[in-house]
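Here is a short briefing to read alongside your structure. Have the viewer open and follow the side chains as we go.

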Amino acid sequence: MEHVLAACRAAVARPGRVLALTGAGVSAESGIPTFRGKEGYWTIGAREYHPQELATHEAFAAMPWSVWGWYLYRRGVCRRAAPNAAHLALAQLARGLPERFALITQNVDGLHRRAGSPDAQTFAIHGDISLMRCANDCVLDRFPIPEAVPDLARGDEVSAATRALLECPRCGGLARPHVLWFDESYDEPRFHLDTVRRLAGEAALLLVAGTSAQTNLPWQVVTLAGRAGATIVDINVEDNPFGDIAAASGGCVRAPAATVMPTIVEAMLAR
Ligand code: APR
């Protein structure tokens, strides 16, 4: 751990951005299942359905209310959860480095925002489970899912009353969850593609936490930050492909994020 702290201190002392890239592992200690862990959404899901079947535009086009049912169930799980010490530490880092720090998260659970991470420094590259948008893209705007929309239990049907609420406030057509599905592509207006690529190219330090490195844009972020000479640190309870890269850079911490992130942030801000 000491060598990781030393690497973080040295990187913060250099000019350049300080970035964090987070995944589901950061919210695991808040009680939100990860995707590919033993009890992960995709692992458990696999027994009933393949993730490709549900988290896709194709599935939404074919069975919008089954897909909505799934996301309203997950929305409930996220709303019942609370930010943990890792979320709070990263919010503190954002306040401590207002000009330099940016948080790039794959998480749609909103816990970073609820921990106080400023919107201007937070980029949710896979969407946000509390938001919806027009399924026909009449506009690119995101809208909060109405409070009157209930959280559902797993497998519950979406009632007619709820269906009436899940419509685009602009055109009255069907609304869809604001999440990035497996058969969709990153873009700038909805998922900050160009912004996070630019930020990665300006990084002096990249803290990677709680991700299994299975999706595309995070790989671009780690690769571009590496090319920019950034120090890369990986925080995860398990080895993963980003850990291999970090091992040759700032190092790896194999411990729960909520346990170690406060110590790392404190060391960085102490400077
Ligand atoms: N602290 C740190 N890391 C943890 C913890 C913890 N307490 N608990 C689990 N992890 C690690 C696991 O070892 C694993 O490497 O978090 C990672 C979670 O990996 P995934 O479940 O694959 O989640 P993630 O990497 O965020 O998935 C990326 O894939 O399915 C899509 O859109 C979805 O955003 C998601 C993306």
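Let's begin with a charged pair: Asp-128 and Arg-113 meet through their side chains in a salt bridge, 2.6 Å from N to O. Asp-128 belongs to strand β4 (residues 127–134) and Arg-113 to helix α8 (residues 111–114), so the pair ties together parts that are 15 residues apart in sequence. Please keep in mind that this is a predicted model.

**Salt bridges**

- The whole structure holds 14 salt bridges.
- Another of them joins Asp-137 to Arg-133, with 3.9 Å between the closest N and O atoms. Here Arg-133 is buried, at 2% relative accessible area, and Asp-137 is partly exposed, at 37%.
- Arg-9 pairs with Glu-2, their closest N and O atoms lying 3.4 Å apart. Arg-9 is partly exposed, with 28% relative accessibility.
- A network of salt bridges links Arg-75, Arg-79, Glu-147 and Asp-151.

**Helix α1**

- Helix α1 runs through residues 2–13, and its 12 residues should span 16 Å at 1.5 Å a residue; the C-alpha atoms at its ends are 17 Å apart, which agrees.
- Which residues of α1 are buried? They are Val-4, Leu-5, Ala-7, Cys-8, Ala-11 and Val-12. Looking down the axis of α1, you will find these buried residues within an arc of 160°, so they line one face of the helix.
- That pattern has a simple background: an α-helix has 3.6 residues a turn, so residues three or four places apart point the same way.
- The cover over the buried residues of α1 includes strands β1 (17–22), β7 (203–209), β8 (231–235) and β9 (251–253), along with helix α14 (257–270).

**Aromatic rings**

- There are 7 aromatic pairs in the structure. In the pair of Trp-70 and Tyr-71, the ring centres are 6.4 Å apart and the planes meet at 75°, so the arrangement is edge-to-face.
- Trp-70 is buried, at 4% relative accessibility, and Tyr-71 is buried with a relative accessible area of 4%.
- One aromatic cluster is formed by Phe-35, Tyr-41, Phe-60, Trp-70, Tyr-71, Tyr-73 and Trp-181.
- Arginines sit over rings of this cluster. Arg-74 lies over the face of Tyr-41, 4.8 Å from the ring centre, and the charged end of Arg-176 is over the ring of Trp-181, 3.9 Å from its centre.

Conventions:
Residues numbered from 1 in each chain as written. Predicted model: local features only at pLDDT ≥ 70, side-chain atom pairs only at ≥ 80, totals over all residues. Heavy atoms only, no water. Helix = DSSP H or I, 4+ residues; strand = E, 2+ residues; numbered from the N terminus. Expected span 1.5 Å × (residues − 1). Buried < 20%, exposed > 50% of the residue type's maximum accessible area, 1.4 Å probe, protein only. Arc of directions from axis to C-beta. Contact = heavy atoms within 4.5 Å. Phe/Tyr/Trp six-rings, centres within 6.5 Å; stacked < 30°, edge-to-face > 60°. Lys NZ or Arg CZ within 6 Å of the ring centre and 35° of its normal. Salt bridge = Lys/Arg side-chain N within 4 Å of Asp/Glu carboxyl O.
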